[in-house]
Amino acid sequence: MAPDPSSHGIEVAATRGNSRTGSLSGTAARSVLILPAFLGLIAFFVIPLVIFAVYSLLTAGLYRASAPTTLANYREPLSSPLVRTLGWNSLVTGALAATATVGIAIPVSYWLRYRAARLRVPVLFLIIATIFASYLVRIYAWRTILGETGILNAALEKLGLINQPLGFMLYSRTAVTIALVQIYLPYVILVLFAGFGPIGQPLLESAQDLGATALQRWRAILVPLIAAPALTSALLVFVLSASDYVTPQLLGGTNGVTLGVHVQTMMTAIGNWSVGSAVSLLMLGAFSLCYLLTALCLRVLRLDRIRWQA
């Protein structure tokens with residue numbers, strides 16, 4: 001008996017209807033899952049930015065900001081020699097901390113991934129444990145270590161390498177950089193350790209069997225595959241270090257103060273919320289530019305997706 005064409009059409013229509021219903025229900029489920037993250041982004045990122053933008057355009061008062069609107073809050077920091085000096089300090093401190101952190105983290109992560117063997121788990125545990133140490137406790141520990149009566153000066157004097165304590169180590173850009181590297185190093189090690197994860201040992205062994213030296217393996221295999229996580233980690237450390245205000249206040253001298261300290265002073269000590277908001281938004285714009293330059297560099301060098309192709 002020949003099949004009824006009309007019944008076949010009904011079945012196709014029903015199948016299409018079910019697929020549409022399934023697609024709609026899938027879209028609704030995804031929307032429900034995305035909604036909390038979207039609301040959190042609006043509440044904790046977009047709304048504060050809007051508030052800062054509004055305050056940066058209002059006329060400053062003592063711990064208040066009111067109409068009329070003005071652009072003087074942006075002209076003042078852009079024309080201020082103090083802000084330019086602090087901006088340069090932030091740039092140098094952030095660049096030094098990012099370079100040193102990534103430079104130390106890469107060999108440590110490589111060792112953990114390919115050479116640590118049984119020591120991998122305990123060393124990773126110790127690295128993670130340092131993250132739970134208080135931020136302020138670590139800063140005060142460096143004050144104890146680097147101070148004129150600290151552990152380092154005492155050891156150098158005992159060894160006969162110096163006759164009197166070295167005063168330049170504390171309250172300087174060097175002290176700020178050392179503390180920031182120690183604070184952010186565990187995070188970068190974990191990120192780069194995960195970045196080395198997809199690069200299997202057989203890949204390196206194959207390159208070695210084909211005659212590649214250790215330097216050639218790094219240049220041809222490891223550097224291209226680890227470039228994206230390394231650069232993004234460096235950018236993260238740069239942004240956090242350049243905008244920090246706690247560490248420079250406790251460890252920095254005249255050349256260790258950053259724009260973060262200036263913003264904190266404007267907001268709390270002076271009460272100039274408008275200029276403080278303007279400087280904060282200018283810093284955000286500079287950091288966004290750094291991010292765009294990093295992404296452009298990865299794209300131009302074709303390193304943004306090479307990790308997944310491997």
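Predicted model: local features only at pLDDT ≥ 70, side-chain atom pairs only at ≥ 80, totals over all residues.

Visitor: How many aromatic pairs does the structure hold?
Guide: Two rings count as a pair if their centres lie within 6.5 Å. By that rule, the number of aromatic pairs in the structure is eight.

Visitor: Are the rings of Tyr110 and Phe196 stacked or edge-to-face?
Guide: Their centres are 6.0 Å apart. Planes over 60 degrees apart count as edge-to-face. The planes here stand at 70°, so the pair is edge-to-face.

Visitor: How many residues apart in sequence are the parts that this pair ties together?
Guide: Tyr110 belongs to helix 3 (residues 81-114), while Phe196 belongs to helix 7 (residues 173-196). The pair therefore ties together parts whose separation in sequence is 86 residues.

Visitor: What about Tyr114 and Phe196: which kind of aromatic pair do they form?
Guide: Centre to centre, the rings of Tyr114 and Phe196 are 6.0 Å apart. With 80° between the planes, the pair is edge-to-face.

Visitor: Is Phe196 buried or exposed?
Guide: Buried means under 20% relative accessible area. Phe196 has 0% relative accessibility, so Phe196 counts as buried.

Visitor: Where in helix 9 does the kink lie?
Guide: Helix 9 (residues 214-242) has 29 residues, and its end C-alpha atoms are only 35 Å apart. A straight helix would reach 42 Å at 1.5 Å a residue. There is a kink of about 50° in helix 9, shortly before the proline Pro229, at Ala227.

Notes: Residues numbered from 1 in each chain as written. Heavy atoms only, no water. Phe/Tyr/Trp six-rings, centres within 6.5 Å; stacked < 30°, edge-to-face > 60°. Helix = DSSP H or I, 4+ residues; strand = E, 2+ residues; numbered from the N terminus. Buried < 20%, exposed > 50% of the residue type's maximum accessible area, 1.4 Å probe, protein only. Expected span 1.5 Å × (residues − 1). Bend = angle between axes of the 7 residues up to and from the residue.
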